[in-house]
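Here's a quick tour of a protein model for someone meeting it for the first time.

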Amino acid sequence: YISTGNVNGRKITGNDGGYEYNHRPSRANLEIASDESVLFAKMKDSIKVIKSTSKLTDKLFSTGFIQLLPENMNQEFLVQILISEKFEQVKSKLATGTTQEAITMGDLSHITIPYPPMAEQNRIASLLYTVDEMIACTQRSCEEHEQLKQGLMQDLLTGTVRTPKSLQVSLDVVQRSTVAE
């Protein structure tokens, strides 16, 4: 079972356990209709989008998602629209509710999504997907460098690792020049 809490952006980060269909929680009531489907969180201010694959067709999803089956639209192109700030603004503006504001299927039907011919959709989707992958790679690299820095700081501050004399001299010069300014 995949809830909206198990999704971060475009990535499924966990699940709320396995359930047999007859023993599922009441909110676990959405099945994937096709491996071409796209699901998005219907809550206000929540950009969570899942592109269905054959690996997900046996999963149950929360009713906090709306499932779209694109016709004459590239699946990745639709994903890119759904993760856009513009779509989120429109979705949030139409969201209603007292406890948790969300868009309904009725409200969703009032949103018009213009789209170019399929060949152009394919080019746009490919380009934007590549940029998303580059951003994700950069974020992973930053996280790895941050972990490396934390480990190095721990080693340096506990004395496990000592800095070479040449580095200490360089740091002293930098420190003195900063204090002088």
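To talk about holes, take a 1 Å grid over the protein atoms alone: a cavity is a set of points where a 1.4 Å probe fits but cannot get out, and lining residues have an atom within 4 Å of a point. Points are joined across faces, edges and corners, and a volume is the space filled by probe spheres set on them. With that in hand, a search of the whole structure turns up one cavity of 30 Å³ or more.

Some ground rules: this is a predicted model, where local features need pLDDT of at least 70, side-chain atom pairs count only at pLDDT 80 or more, and totals for chains, interfaces and linings use all residues. Residues are numbered from 1 along each chain as its sequence is written, and side-chain values use heavy atoms, with hydrogens and water left out.

**The cavity.** The largest cavity holds about 30 Å³ of space. Its lining is made by Phe40, Ala41, Ser46, Ile47, Lys48, Val49, Leu82, Phe87, Glu88 and Lys91. Strand 4 (38–41) and helix 2 (85–94) are the elements giving two or more residues to that lining (helices are DSSP runs of H or I with at least four residues, strands runs of E with at least two, numbered from the N terminus). Helix 2 has the largest share, three residues.

**Helix 1.** Eight of the eight residues of helix 1 (residues 75–82) are buried, so the helix is largely enclosed by the rest of the structure. Buried here means under 20% relative accessible area (1.4 Å probe, protein chains only). These buried residues pack against strand 4, strand 5 (49–51), strand 7 (65–68), helix 2 and helix 4 (118–158), where contact means heavy atoms within 4.5 Å.

**Confidence.** pLDDT is the predictor's confidence in each residue, from 0 to 100. The protein's mean is 82, and 84% of its residues reach 70 or more.

Where pLDDT is low, the predicted coordinates should not be read in detail.

**Ile2.** Is Ile2 buried or exposed? At 4% relative accessibility, Ile2 counts as buried. This residue is found in the segment before strand 1 (7–8). Ile2 and Ser62 are 60 residues apart in sequence, yet 6.2 Å apart in space, C-alpha to C-alpha.

Definitions and conventions:
On a 1 Å grid over the protein atoms alone, a cavity is a set of points where a 1.4 Å probe fits but cannot get out, and a pocket is an open set with protein on both sides within 12 Å along at least five of seven lines; lining residues have an atom within 4 Å of a point. Buried means under 20% relative accessible area, exposed over 50%, partly exposed in between (1.4 Å probe, protein chains only).
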